[in-house]
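Let's take a short walk through this protein together.

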Amino acid sequence: MSADFSKVPTRDILDFAAAYPLAWIVPAADPSTALLMPLLIETDADGTPLSILGHMPMRAPASDVLRRDGKAVFLFLGANAYIPPGWVSQKDWAPTWNFLSLKIEAATMQVDEALTKPAVEALVRHMEARAGSGWTVDRIGPRYETLLAGITGFRAPISKIEPRFKLGQDESETVHDEIKRGLGDHPLADWME
């Protein structure tokens, strides 16, 4: 696996993907079939990213494309905001856009119905841990199997990771603080720490 972790620590990448799991799945063989789905990054015991685990509708054109050619790119976009010059005391400062993003590439993807239930249940556990409600798929009852029949799970070993966290790192301390103050309680303000 090739990874560009030079400026973004692995823990930050994993925290970002956990907080913003909705990502574009873009099949290399036919990008026009791209679709948005919630995804999880699987890691080894040391926390190194290994694969993407997810599911998608069986009837989605991307499902057929990825069964034939499993090469894909996954695009995550997190908190983002326009940063106006009015927030900054530096006279020649230009407006910008700050954001968190992540591009993950996979050279192969295993699309397999046997992965459907584990992928859905892992996602539910992840999201419910964040929501704190304690809800589980067992509450669906017999309808659960019917719902599973319309989707397929997949696992995609990660071949490359490219994070881009544009959060004002190149700004002076004064401008950085002014941007953070301008953001107020926007989620980017926390990430700037």
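Start with T33, which sits in the loop between strand 2 (22–27) and strand 3 (35–43). Is T33 buried or exposed? Its relative accessibility is 11%, and since the cut-off for buried is under 20%, T33 counts as buried. Who does T33 touch, once you set aside its neighbours within four places in sequence? The contacts are P27, P61, A62 and V65.

Keep in mind that you're looking at a predicted model. The protein has a mean pLDDT of 93, and 97% of its residues reach 70 or more. Residues 1–5 are another story: there pLDDT stays under 50. The model has 16 contacts beyond four places in sequence for residues 1–5.

Now find the second largest pocket, which holds about 170 Å³ of space. Which element gives the most to its lining? That's helix 1 (10–19), with five residues. Strand 3 also supplies at least two residues of this lining. Among the lining residues are R11, D15, L39, G47 and H126.

| Kind of lining residue | Number in the second largest pocket |
|---|---|
| Nonpolar | six residues |
| Polar | three residues |

Key
Residues numbered from 1 in each chain as written. Predicted model: local features only at pLDDT ≥ 70, side-chain atom pairs only at ≥ 80, totals over all residues. Heavy atoms only, no water. Helix = DSSP H or I, 4+ residues; strand = E, 2+ residues; numbered from the N terminus. Buried < 20%, exposed > 50% of the residue type's maximum accessible area, 1.4 Å probe, protein only. Contact = heavy atoms within 4.5 Å. pLDDT = per-residue confidence, 0-100. 1 Å grid on protein atoms, 1.4 Å probe; cavity = no way out; pocket = protein on both sides within 12 Å on 5 of 7 lines; lining within 4 Å. Points joined across faces, edges and corners; volume = space filled by probe spheres on them. Nonpolar A, V, L, I, M, F, W, Y, C, P; charged D, E, K, R; others polar.
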